[in-house]
Amino acid sequence: MTTISLTRTEAGILHAAAADEGRLHFALTAKPASRKRLIGRLLSNALITPSDVPDGQHRLTPAGYGAIGLIPPPVAGATSRPNKKALVLTLLARDEGATLTELIAATGWLPHTTRAALSRIRSGGQSLAKAARPDAAMSYRILPPPPAARNHARRKAGTPARALTGGTESDPHAGAPTQATA
């Protein structure tokens with residue numbers, strides 16, 4: 001990652017722009033040549049957008065916000081692409097689960113693709129239950145993980161380590177490593 005060193009004036013202008021929804025403003029006393037040079041430097045470092053945007057004004061880019069140590073605000077009206085795997089997992093996590101038809105309708109996938117996604121979920125370690133609903137439709141549901149098995153074979157204080165290896169009094173060689181014979 002390349003860091004851009006900013007002058008005090010550049011940093012001040014970028015901070016003022018960040019406070020005004022990313023719109024750049026210059027002091028009225030700024031000379032036109034200085035303003036042009038400053039805009040050229042900010043454009044060459046991709047800290048602002050060109051003025052050919054619809055409102056004709058320079059705005060901060062995400063790199064411009066980053067140069068002054070700020071996180072760019074989210075773009076209004078922009079939505080992220082829905083994650084179909086998360087949608088499938090949400091439908092399967094419901095108490096009633098989801099039928100193959102519901103999964104196909106929600107994702108827009110073909111039946112074989114939807115069944116493959118269920119197989120990938122199973123192979124990923126999730127437990128899926130398949131059950132008939134009252135309307136005779138087969139539904140799939142993610143089962144909650146079983147409670148972790150507790151290790152009840154804890155060593156008590158004063159118990160010799162040999163007792164934990166399986167050795168008994170009647171068979172002194174039990175639990176001892178064996179040697180293969182040729």
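Helices here are DSSP runs of H or I with at least four residues, and strands are runs of E with at least two, numbered from the N terminus. On that basis this predicted model follows the pattern α-α-α-α-β-α-α-β-β-α along the sequence.

## Overall make-up

The secondary structure comes to seven helices and three strands. Of the 182 residues in the protein, 20% are buried. Take the contacts between residues at least 6 apart in sequence: 42% of them join residues at least 24 apart.

## Helix 4 and its surroundings

Helix 4 covers residues 84-93. At its start, a side-chain oxygen of Asn-83 comes to within 3.1 Å of the backbone nitrogen of Lys-85.

Three residues of helix 4 are buried: Val-88, Leu-91 and Leu-92. Viewed down the helix axis, the buried residues fall within an arc of 95°, so they line one face of helix 4. Thr-90 and Ala-93 are exposed on the other side.

What do the buried residues of helix 4 pack against? Their partners include two helices, helix 5 (100-107) and helix 6 (111-123). Strand 1 (98-99), strand 2 (128-132) and strand 3 (138-142) are also partners.

## Helix 5 against helix 6

Helix 5 and helix 6 also pack against each other, at an angle of about 105°. Their axes lie 10 Å apart. Angles of 65 to 115 degrees count as roughly perpendicular, and helix 5 and helix 6 are therefore roughly perpendicular to each other.

Helix 5 brings Leu-100, Leu-103, Ile-104 and Thr-107 to this contact. Helix 6 brings Pro-111, Thr-114, Arg-115 and Leu-118. The residues of the contact divide into five nonpolar, two polar and one charged.

Thr-107, in helix 5, deserves a separate look. Is Thr-107 buried or exposed? Its relative accessibility is 5%, so Thr-107 counts as buried. The side chain of Thr-107 reaches the backbone nitrogen of Trp-109 at 3.3 Å. Beyond residues up to four places away in sequence, Thr-107 touches Lys-84, Leu-87, Val-88 and Thr-114. One of these, Val-88, is among the buried residues of helix 4. Another, Thr-114, belongs to helix 6.

## A buried histidine in a loop

Where does His-58 lie? His-58 sits in the loop between helix 2 (32-44) and helix 3 (62-67). The cut-off for buried is under 20% relative accessible area. His-58 has 12%, so His-58 is buried.

A polar atom of the His-58 side chain lies 2.8 Å from the backbone oxygen of Thr-49. Leaving aside neighbours within four places in sequence, His-58 is in contact with Gly-22, Arg-23, Leu-24, Ile-39, Leu-43, Ile-48, Thr-49, Pro-50 and Ser-51.

## Helix 1

Thr-9 is placed in helix 1 (residues 8-19). At 53% relative accessibility, Thr-9 counts as exposed. The C-alpha atoms of Thr-9 and Leu-38 are separated by 9.2 Å. Along the chain, Thr-9 and Leu-38 are 29 residues apart.

| Residue | Relative accessibility | Class |
|---|---|---|
| Thr-9 | 53% | exposed |
| His-58 | 12% | buried |
| Thr-107 | 5% | buried |

Technical notes
Residues are numbered from 1 along each chain as its sequence is written. This is a predicted model: local features need pLDDT of at least 70, side-chain atom pairs count only at pLDDT 80 or more; totals for chains, interfaces and linings use all residues. Side-chain values use heavy atoms; hydrogens and water are left out. Buried means under 20% relative accessible area, exposed over 50%, partly exposed in between (1.4 Å probe, protein chains only). The arc is that of the directions from the helix axis to the C-beta atoms. Contact means heavy atoms within 4.5 Å. A polar contact is a pair of N or O atoms within 3.5 Å; within protein, one must be able to donate a hydrogen and the other to accept it, and residues adjacent in sequence count only if both atoms are side-chain atoms. Axes are lines fitted to C-alpha atoms, for helices over the stretch in contact, and angles run from 0 to 180 degrees between N-to-C directions. Angles under 35 degrees count as roughly parallel, over 145 as roughly antiparallel, 65 to 115 as roughly perpendicular and the rest as oblique. Ala, Val, Leu, Ile, Met, Phe, Trp, Tyr, Cys and Pro count as nonpolar, Asp, Glu, Lys and Arg as charged, and the others, Gly among them, as polar.
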